[in-house]
Each structure stands twice: as structure tokens, then as C-alpha cells.
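These are my notes from going through the coordinates.

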Amino acid sequence: GLANRSNTVVLYNTAQLYKGIDANLNLGLLFSSDDQEGGGSLNRRDLYVNVGTTITPHPTMTLTLYYLGKKSHATGGGQSVSGDTTENRLDLGASWSPFRSLFLSATVNVVSATDQKTSIQQSYGFNWTPFPDGQLQFSFYYSDNYYPDRSTILQPSLRWYFSPKRNSYIDLSYQMNHAESGGLTTETNTISSSLKIYF
């Protein structure tokens with residue numbers, strides 16, 4: 001028997017400033033109202049601004065910059081909520097593929113919000129496939145993440161195509177996941193195999 005209402009307006013803008021440099025600017029406004037069981041309603045007004053750009057200085061490299069700012073105002077509610085909160089998020093990313101068989105990436109995310117400690121998240125990884133066109137393919141994936149807890153993934157895999165048409169194949173992979181959180185360390189080892197046959 002409670003009603004939730006939401007109205008949103010978003011303005012999207014994209015542009016190619018130069019060859020290899022794309023940018024976007026998005027503005028948003030959200031009004032919401034949620035009825036409360038004890039009577040009355042919780043009303044929110046959220047303002048968004050999002051600025052981002054993608055830079056491609058070379059066909060093998062991509063750089064990204066993304067910013068999101070949010071300001072919220074709340075009134076009403078069972079606890080007589082009233083006040084403003086802000087949230088800011090900055091995402092930086094880079095990827096590089098010096099040749100077709102190797103892909104490297106790195107991202108850094110910085111998030112700050114009212115009454116919360118600023119958090120920095122980092123992620124690094126690469127994927128290597130030395131023989132991408134062969135019937136027998138080997139690939140190696142590695143990822144290291146800090147949130148600020150740490151998680152590491154290491155995964156070698158092997159795929160064999162039964163014919164040059166490369167439609168049916170058998171997969172064999174091993175994944176090791178090492179995670180550290182709150183003084184607790186967890187290690188997971190997984191071996192998996194799959195067979196796919198297409199006619």
C-alpha cells in the first residue's frame with residue numbers, strides 16, 4: 001500500500017574533439033518520493049554531473065578519464081531526515097596491446113563521499129595468447145586488485161580446435177584465486193574442462 005515515485009531528466013552530450021579524442025558531458029536530475037509506513041514520505045533530489053574522455057594516441061593504446069559528481073538532498077522520512085550529501089568518483093584507465101597476442105590494462109578508482117573515508121581501488125592485469133591463430137591455443141591471464149583488500153587471479157588455459165575450421169573444441173583451464181580481506185586469507189583452486197561440438 002506504499003507508493004514510490006521517481007522522475008528523471010538526463011542530458012547527454014558527446015563530441016569528437018579531435019581524431020582520437022572523444023569526450024562526453026552528461027547532466028542529470030532525479031526527484032523521488034517514497035511513502036513511509038509510519039506516515040509521511042522520504043523525498044530526495046539528486047543532481048548528477050558526469051564528464052569523461054577517451055584518448056587514443058595510438059591504435060594499440062587507449063586512455064580513459066571519467067568523473068562522476070553527485071549531490072543529494074533529502075527531507076522527511078520517519079527519522080525527520082534532512083541534509084545534503086555529496087559523492088565524487090574519479091576513474092582512470094589505460095590499456096595497451098603492443099601486438100595482437102598481448103593485452104595489458106590498469107585502472108585506478110578514487111571515491112569520496114560525505115562522512116566516509118576516501119577509498120582508492122586499483123586493478124592491474126594482462127592476457128597473453130602466444131598463438132592466437134593455431135588449432136592448439138595456450139592463454140595466460142593474470143589480474144591483481146586492491147579494494148583496499150587484495151585479490152589475485154592467475155589462470156592458464158589450453159584450447160584445442162579439432163579442425164582448421166575452428167568450430168568444435170575442448171577447453172582445459174586452471175584458476176588460482178588468492179584473496180586477503182580483514183586479516184583473513186582465502187585461496188581457491190579450480191580446474192575445469194569443457195567440450196563443445198558444432199555440426
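**Salt bridges**

I began with R100 and D133, whose side chains meet in a salt bridge with an N to O distance of 2.5 Å. I then placed the two residues in the chain: R100 sits in the loop between β5 (81-99) and β6 (102-113), and D133 in the loop between β7 and β8, so that the pair links distant parts of the chain, 33 residues apart. The model is a predicted one, and I read every value here as computed from it.

How many salt bridges does a search of the whole structure find? I noted six. Another of them joins the side chains of R5 and D35, at 3.1 Å from N to O. This pair also links distant parts of the chain, with R5 in strand β1 (residues 4-18) and D35 in strand β2 (residues 21-35), 30 residues apart. I recorded R5 as partly exposed at 40% relative accessibility, and D35 as partly exposed with a relative accessible area of 23%.

I also looked up D46, which forms a salt bridge with R44; their closest N and O atoms are 3.3 Å apart. D46 is buried, because its relative accessible area is 4% and buried means under 20%. R44, at 29% relative accessibility, counts as partly exposed.

I turned to the strand pairing. Strand β9 (residues 150-161) runs antiparallel to strand β10 (residues 169-181), and ten bridges join them. I found E180 in β10 as the bridge partner of R150.

On β10 I also traced the pairing with strand β11 (residues 184-196): the two run antiparallel and are joined by 13 bridges. The bridge partner of A179 is T186 in β11. Two residues lie between the strands of the β10 and β11 hairpin, and there I noted that G182 takes a positive phi near 55 degrees.

**T129**

My last entry concerns T129, which lies in the loop between β7 (119-128) and β8 (136-146).

How values were computed
Residues are numbered from 1 along each chain as its sequence is written. This is a predicted model: local features need pLDDT of at least 70, side-chain atom pairs count only at pLDDT 80 or more; totals for chains, interfaces and linings use all residues. Side-chain values use heavy atoms; hydrogens and water are left out. Two strands pair if DSSP finds at least two bridges between them. Helices (H or I, at least four residues) and strands (E, at least two) are DSSP runs, numbered from the N terminus. A salt bridge is a side-chain nitrogen of Lys or Arg within 4 Å of a carboxyl oxygen of Asp or Glu. Buried means under 20% relative accessible area, exposed over 50%, partly exposed in between (1.4 Å probe, protein chains only).
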